[in-house]
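Let's take a walk through this protein together. Have a look at the fold, and then read on.

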Amino acid sequence: MYYGPKKLELNRQNNRDLVLQLQKGDLESLGALYDRHNRMVYRTALGITGDTEAAADLLQEVFLRVHRAAERIDPERPLEPWLYRVTTNLACTWVKRQRWMRPIEEIAEWLAGDSRHSPAQVAENTETSQQIKQAITALPLSQRTVIVMYYINDLSLQNISEVLDVPVGTVKSRLHYGRQALKRQLGLNGAALADIRYEFT
């Protein structure tokens, strides 16, 4: 795909410069920020909502908010935590409005990542894979959110603490109880659970 000189220049700039340009009304910088961060925002929204259409809608809403709130974004601070916070807040609000949820279609793939030991490898057939998806979907929203951020997006405990504005100990607790809930629902023994990437801790 061909990119013109302006597009190439924007792609080379850091988030700080792009935010500053956006604050001056440059919409192309918003496009550059979208190109840079849309996958992270989408997969976070999808991991929490379990709904592809909702995740796509939330992706658009997040970047509408970037545009509307541009003047209030501090260009001297990293943009990613702000994006995570807005995304998780919108996704959690969406979930709370739903009476039921569809299974998360892509979650097993993302959980697998590049690790040799992953939930996808624990699942030996389609039925077991579906059980894993349902078990993750059934987690309380607070536990599912930290698992998505830690396990899918590879954020540190400290990063999650800052994004959610809760103590690190609370993040650890939610990961621990999320892991235990998955263990009970999937009937995994301690050894098998240890094979799931980083054992959620």
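Before we start, a word on sorting residues: Ala, Val, Leu, Ile, Met, Phe, Trp, Tyr, Cys and Pro count as nonpolar, Asp, Glu, Lys and Arg as charged, and the others, Gly among them, as polar. The model is a predicted one, where local features need pLDDT of at least 70 and side-chain atom pairs count only at pLDDT 80 or more, while totals for chains, interfaces and linings use all residues. Residues are numbered from 1 along each chain as its sequence is written, and side-chain values use heavy atoms, with hydrogens and water left out.

Now for the overall picture. The protein has twelve helices and zero strands; here helices (H or I, at least four residues) and strands (E, at least two) are DSSP runs, numbered from the N terminus. Of the 201 residues, 45% are buried, where buried means under 20% relative accessible area, exposed over 50%, and partly exposed in between (1.4 Å probe, protein chains only). Take the contacts (heavy atoms within 4.5 Å) between residues at least 6 apart in sequence: 63% of them join residues at least 24 apart.

The axes of α5 (residues 80–97) and α9 come within 11 Å and cross at roughly 145°. Axes here are lines fitted to C-alpha atoms, for helices over the stretch in contact, and angles run from 0 to 180 degrees between N-to-C directions. On the α5 side, Tyr84, Thr88, Cys92, Val95 and Lys96 meet Leu141, Arg144, Thr145 and Met149 of α9. Sorted by class, this contact has five nonpolar, two polar and two charged residues.

Let's stay with Thr145, which sits in α9. Is Thr145 buried or exposed? Its relative accessibility is 4%, so Thr145 counts as buried. Apart from neighbours within four places in sequence, Thr145 touches Ile48, Thr88, Cys92 and Leu164.

Ala138 counts as partly exposed because its relative accessibility is 49%. Its C-alpha atom is separated by 9.3 Å from that of Gln185, 47 residues apart along the chain.

Next, find Ala70 in the loop between α4 (52–68) and α5. Ala70 has 4% relative accessibility, so it counts as buried. Leaving out neighbours within four places in sequence, Ala70 is in contact with Leu22, Gln23 and Arg65.

Our last stop is Asp165, in the loop between α10 and α11 (168–186). Asp165 has a positive phi of about 60° although it is not a glycine. With a relative accessible area of 68%, Asp165 is exposed.
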